[in-house]
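Dear colleague,

Please find below the structure that I am handing over to you. My notes on what was found in it follow directly after.

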Amino acid sequence: MESIYLDNAATTRVRANVIAKMQEALTSFYGNPSSTHSYGRSAKTGLESARKTIAKYMNAHPSEIIFTSGGTEADNMILRCAVRDLGVATIITSKIEHHAVTHTVEELVEKQNVRAHYVNLDSFGSPDLKHLEALLEKKEGKTLVSLMHINNEIGNVLDIKAVSELCQKYDALFHSDTVQSIGHFAWDTQETKVDFMAAAAHKFHGPKGVGFAYIKRNTGLKPLISGGSQERGCRAGTESHHNIVGLEEAFISAYDNLEEEKAYVMGLKKYFVDTIVQEIPEVQFNGHSADLEKSTYTLVNLRLPVDSQKSLMLLFHLDIKGIACSKGSACQSGSGKGSHVLSEILTDEEMQKPSLRFSFSKYNTKAELDHTIKVLKEFVLQ
Ligand SMILES: Cc1ncc(COP(=O)(O)O)c(C=O)c1O
């Protein structure tokens, strides 16, 4: 086997139909969407069609979809503008959010005098909703809750309806980082009330550098980046037209094939978990990632029974064997720092063992998983 890509939570392979759509956009619709001539109007039509498509699939209003450069920008825009424009004084979040959220909250605390409260987590990394309610009960000033739907490292799925209901009960705004769930889970914004969400196309077989913020109508957020009046005055800068039509195409493919592809990828995850437990019985799973009810079907995060000295060689060894996966999350695997998510939920002893995240897509096969487990077993035994 030449190479095996099992790092789909970091980013995904772009679908062929998405590439074709983007190529057509780059070749034929290169006008600036703000221009009033026919080239500009054609590009603008493409943008607005993408906005309408996304809104339709999410049962939202097109004006609630603001295109951004990806998940990080959407999270930043929501958190920073909620503080600046809506007078949010308290943010309730968790220590295991993506850094796009945790670092932004830390900066808001430091520079804008925002109060941050962190919800207690159990040893699986699930937030304690009783503690969340207690924090909401005694909230001071306008409050925003920011809790991610799917954790990008351990895959835990938040009980988003319960959190949404608590936020409504205590009149708090609710932001959910949905970067790992949009494109993988069906969304109905009328059924699950969330004020703000973030999405990134590259997590569901679309291009990198494009995503969107869902911003509930009439919330009053002003733009983070000032300049022209693009994106209905919500985000300045010439729109990345080819990326946005690529996002639309990836979004349609993801949702039109959702059930079929979900069943296939879930089957892969189940097979991976069942097989690795048989082949390496001492393997441990982080968070709820082995539990198909409580974790996303797209990834698993596990700990191998090898000592810390040997673990230094593990990613290198897998790379040499052509297997791409992640240690913690991709943003951290090159930095030498341990995962901030795992360090919140594991003991020091558990942290000594190497943890790996394997994340799957419709392009993976069981044969690739068999090969990966064989390589892991050889490493553990050698
Ligand atoms: C949960 C989560 N939030 C935010 C981001 C950042 O998204 P982007 O890479 O599009 O900036 C990621 C990407 O890894 C993610 O997994």
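Which residues have the most contacts inside the largest nonpolar core? In this predicted model, they are Ile78, Ala82, Val163, Phe212 and Ala213, and the core to which they belong has 70 residues. In soluble globular proteins, nonpolar side chains tend to be buried together.

Setting aside its neighbours within four places in sequence, alanine 213 is in contact with Ile66, Thr68, Ala74, Met77, Ile78, Phe196 and Ala198. Another core lies apart from the largest one; it has 25 residues, and Ile276, Val283, Phe358 and Leu376 are among them.

As to the overall arrangement, the protein is divided into two parts: domain 1 comprises 4-12 + 258-381, and domain 2 comprises 16-256. The centres of domain 1 and domain 2, taken over C-alpha atoms, are separated by 27 Å. Where the domains meet, 24 residues of domain 1 are in contact with 25 residues of domain 2. On the side of domain 1 that touches domain 2, the elements that give two or more residues are strand S10 (299-303) and helix H12 (340-345). H12 provides the largest share of that side, with 4 residues.

Between S10 and S12 the antiparallel pairing extends over 5 bridges, and arginine 303 stands opposite serine 355 in S12. Strands of a sheet pair through backbone hydrogen bonds, either parallel or antiparallel.

The remaining point concerns the ligand. How many residues surround the ligand, and which are the closest? There are 13 residues around the ligand, and the closest are Gly70, Gly71, Thr72, Asn152 and Ala200. Helix H3 (residues 71-86) contributes the largest share of this shell, namely 3 residues. The residues of the shell around the ligand divide into 4 nonpolar, 7 polar and 2 charged.

With kind regards

Notes: Residues are numbered from 1 along each chain as its sequence is written. This is a predicted model: local features need pLDDT of at least 70, side-chain atom pairs count only at pLDDT 80 or more; totals for chains, interfaces and linings use all residues. Domain bounds come from an automatic or database domain assignment. Two residues are in contact if their C-beta atoms, placed from the backbone, lie within 7 Å. A nonpolar core is a set of buried Ala, Val, Leu, Ile, Met, Phe, Trp, Tyr and Cys residues joined through C-beta atoms within 7 Å. A residue is buried if 20 or more other C-beta atoms lie within 10 Å of its own, exposed if 12 or fewer, and partly exposed in between; C-beta atoms are placed from the backbone. A residue is near a molecule or strand if its C-beta atom, placed from the backbone, lies within 6 Å of it. Ala, Val, Leu, Ile, Met, Phe, Trp, Tyr, Cys and Pro count as nonpolar, Asp, Glu, Lys and Arg as charged, and the others, Gly among them, as polar. Two strands pair if DSSP finds at least two bridges between them.
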